[in-house]
Amino acid sequence: MITNYSFNKVQGCGIGLRLEHFEDINAQQPKIPWFEILSDNYLIEGTAQRNYLYQLRNNYPVTFHGVGLSIGSTDPLNMDYLKRLKKLKHEVQPAWVSDHLCWTSAHGIVTHDLIPLPYTETVVKHIVDRIKQVQDFLGEQIVIENVSSYLQFKSTEMSEWNFINEIIRQSDCRLLLDVNNIYVSAQNHKFDAEEYLFAMPAERVAEIHLAGYEDRGTHLLDTHSRPVTPPVWDLFKKAIQHVGHVPVLIEWDNDIPSLERVIKEANKAKSIQQGVIV
Amino acid sequence: MNLAELQKDFIEGFFTGEDANASSHIISDEILTAKQRFGIYKGSIHGILTQALGLTFPVCKSLVGEKFFDKMCDLFIDQYPPTTSFFAEYGNHFAKFLSSFKPLQHIPYISDVARLEWARHEVWHKVRNQSFDFGQLAELAESDQANIKFILTDTMRLIQSNYRIDEIWFAHQQDSDIKLELIEFDTAVKLLIWKDSKELKISLMHTNKQDSLFWDFLFAISKGSSLGDLAIRFGENLPDLLNQGIKSTWIQSFVKENLIEV
Ligand SMILES: [Fe+2]
């Protein structure tokens, strides 16, 4: 199934597509500029989800967001995964394909979670090589996202923001700037969120993510289960000043509320974005 | 630091109780120790996978209760860590795990309920097959015909149990009028799980002789019986059974004995 969609441009404030909202989206056709889909959930052909995506795509532009790439793994790239991703990309024509700057699988085992990396020159090189391979295979730039973290490695040699900058520069990929993740990690590791934010290569930012965390006392946990918090909205305003009016997306993955509630959060992001003069 | 070694230590720590090697890579501070920081990730991974198993096996979960289910999943996850990037493919060992899980020996049917839930889950994800030209069957030499094997569609599963797992499953569905306490658990069933263009179905196949024979016929095919074997076993019923199998599209195609597709 290949259609030439006349639109794949993404702008404004979108939301992450979740199974729980499928019916409401069908019935209401809400005014949402675009949906971000969790691409891994649509990579099996012939499924009901996949058909739903084809339908949705007739009415909305989409972006792809995955966790299965495992760009930081020392296993060989998963070519079966990449082939499926490429095929789906061909069919659905997302504005771009993104994944996380971390590892999710190694030694043949898949954790399905975002595990951080030590920030070293060797790891930079390893990841740059792999991003280049992926970009060659997909035939386009990919977008990588900064993740939240709850630990720091003894072997780390540089700041996270230097690590990200080096990777983006050397691999010529783009950045999905998760403002909530910067805030969560800054709190967990006691660094200055603004120093991190303003060190990001503004011209490479394709998209901003916003989500809600949980305060577990000893650390903030990036659960995507809450509204965006006031300090993250503040950091978001600074992010807009730094990177301009790039597309913004609300992620809500746990304790998922009604579609209206998630859209309300996206509208809040939109009004804040419109209020910031860049 | 060798990244491959670090990742090996982490994987080992995530899926066994042994996290000393993993923790040795992590900085301890006044708020949390390295072990506790590693534990955040381990807890998160187990949480994600337990949630996925709960979605695939909701009836099993409700049979044992949420707390018990979560603890049991922890053990399962360590024994069978995921090797696939797709949640949809995780859990194929769950029924096997349950069948030998000692604390659940008082509900011996639970592993069959898990098989049923896995079958529904798998069928739901499968693609309906393209149609196949069975006219080719007639063109084969008679000596070749006996050696062919039929292939069943992926959008159907055959399940046999010594327990009334279909009613146990239905009793856990919303608005079901089947009461769990009224089920005669020790009743053997033959089930056919399939999907039409819209939804999943569970058909009971042992209540009349014809259905039961048809189930046996499909089951023999699934076990690799050749057309010759089927002829011996099903005798004069074979043409009707074959016709029914092809018409229902549950027989999808056939291959010659040497497994090269015709
Ligand atoms: Fe994100």
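## Interfaces between and within the chains

In this predicted model, the rule finds 12 residue pairs in polar contact across the interface of chain A and chain B, with both residues of each pair at pLDDT 80 or more. The elements of chain A that give two or more residues to the side touching chain B are helix H2 (48–57), helix H3 (79–92), strand E5 (103–106), strand E6 (109–115) and helix H4 (121–138), and of these E6(A) gives the most, with seven residues. By class, this side of chain A has 18 nonpolar, 21 polar and seven charged residues.

The contact between the chains draws 46 residues from chain A and 38 residues from chain B. Among the residues of chain A, A:Ile109, A:His112 and A:Tyr150 lose the most area to chain B, and together they make up 17% of what that side buries.

On the side of domain 1 of chain B, B:Val59, B:Leu63 and B:Ala88 supply 48% of the area buried against domain 2 of chain B, more than any other three residues.

The values for both interfaces are set out below.

| Interface | Buried area | Share on carbon and sulfur atoms |
|---|---|---|
| Chain A and chain B | about 3600 Å² | 68% |
| Domain 1 of chain B and domain 2 of chain B | about 1000 Å² | 76% |

Technical notes:
Residues are numbered from 1 along each chain as its sequence is written. Chains are lettered from A and ligands numbered from 1 in the order in which they are written. This is a predicted model: local features need pLDDT of at least 70, side-chain atom pairs count only at pLDDT 80 or more; totals for chains, interfaces and linings use all residues. Side-chain values use heavy atoms; hydrogens and water are left out. Contact means heavy atoms within 4.5 Å. Buried area is the accessible area (1.4 Å probe) that two parts lose on being put together, summed over both. A polar contact is a pair of N or O atoms within 3.5 Å; within protein, one must be able to donate a hydrogen and the other to accept it, and residues adjacent in sequence count only if both atoms are side-chain atoms. Helices (H or I, at least four residues) and strands (E, at least two) are DSSP runs, numbered from the N terminus. Ala, Val, Leu, Ile, Met, Phe, Trp, Tyr, Cys and Pro count as nonpolar, Asp, Glu, Lys and Arg as charged, and the others, Gly among them, as polar.
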